[in-house]
Structure formats: structure tokens, C-alpha cells
Amino acid sequence: EKQPVLGRQEARCAAFIPVRKSESWWELTQDERRATFERDSHHIQTGLAYLPAVARRLHHRRDLGEPFDFLTWFEYAPEQSVAFEDLVARLRASAEWTYVDREVDIRLVRDQPG
């Protein structure tokens, strides 16, 4: 309910972050991955703490044979840049992130109209 729609006029900043997790992540059972994701890393609660300032869309790509397992698109207003950086830092400091073996962090800023 708190997730804002993408494409908001004020959300002129964006980040596209594809992520690939290591084989050791995928060798864990689903219950082990869920425990790391939820209990150890608090991934969902962390993301919710930054809504509605930072909107996101996540696409799972693992089963499609793509080079990245997850594609994440974030949008936020320039005045929320510090909040976005804090969100990304918290996620990267989590237990779950130790399983990431590749990421690309692409930042974009849309010009103001007029």
C-alpha cells in the first residue's frame, strides 16, 4: 500500500542495479535463503522503511538464464538522495549481501522540464 507508482514527476533520480548471487546462495535450501533474507538481513523491513520516498520494482531473472538474477529499478526525488544511499548501504551491509558476487550500479537523473 505504501509503494508509490513509478514515473512520479518529482522522482527525477533513478538507479538500476542488476545483481547476481553466488552459487553458494542457490545451493542453500529455500528455507535457509528465506531465513537469511528475512530473519538475518531484514531485507523486506529495510525496504519498507524507505517507502514512499523510494519506489522500486524488482524483476527475478534467475530461471531465464540471464547474467543477473535480479534487476532492481529505484526512483526517488533529489531531496531523497541521502535516504536512497542509506537504503543501499544497509542492504549491502546485510548477511544476504555476502552472497552477491556481481552487481552493476547505474544512476540516472532526469532534467527538470522547462
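## Working around F70

F70 is buried, since its relative accessible area comes to 14%; buried means under 20%, exposed over 50% and partly exposed in between, with a 1.4 Å probe and protein chains only. The model is predicted, so local features need pLDDT of at least 70 and side-chain atom pairs count only at pLDDT 80 or more, while totals for chains, interfaces and linings use all residues. Residues are numbered from 1 along each chain as its sequence is written, and side-chain values use heavy atoms, with hydrogens and water left out.

**Exercise 1. Classify the ring pair of W26 and F70.**

Step 1: Recall the rule. Rings of Phe, Tyr and Trp (its six-membered ring) pair if their centres lie within 6.5 Å; planes under 30 degrees apart count as stacked, over 60 as edge-to-face and the rest as tilted. The rule gives six aromatic pairs here.

Step 2: Apply it. The ring centres of W26 and F70 lie 6.2 Å apart and their planes meet at 20 degrees, so this pair is stacked.

Step 3: W26 belongs to helix α1 and F70 to strand β3, 44 residues apart, so that the pair links distant parts of the chain. Helices (H or I, at least four residues) and strands (E, at least two) are DSSP runs, numbered from the N terminus.

Step 4: W26 is partly exposed, as its relative accessibility is 21%. Ring pairs join W26 and F70 with W25 and Y99 in a cluster. W25 also has the charged end of K21 sitting over its ring, 3.8 Å from the centre; such a charge needs NZ of Lys or CZ of Arg within 6 Å of the ring centre and within 35 degrees of the ring normal.

**Exercise 2. Describe the largest pocket and its lining.**

Step 1: Start with the idea. Rolling a probe the size of a water molecule over the atoms shows where empty space is left. On a 1 Å grid over the protein atoms alone, a cavity is a set of points where a 1.4 Å probe fits but cannot get out, whereas a pocket is an open set with protein on both sides within 12 Å along at least five of seven lines; lining residues have an atom within 4 Å of a point.

Step 2: Give the volume. The largest pocket holds about 970 Å³ of space, where grid points are joined across faces, edges and corners and the volume is the space filled by probe spheres set on the points.

Step 3: Look at the lining. It has 36 residues, and those closest to the pocket centre are F37, H43, L58, F70 and E96. Elements giving two or more residues include β1 (13-21), α1 (23-27) and β3 (70-76).

Step 4: Sort by type. The lining has 18 nonpolar, seven polar and 11 charged residues. Ala, Val, Leu, Ile, Met, Phe, Trp, Tyr, Cys and Pro count as nonpolar, Asp, Glu, Lys and Arg as charged, and the others, Gly among them, as polar.
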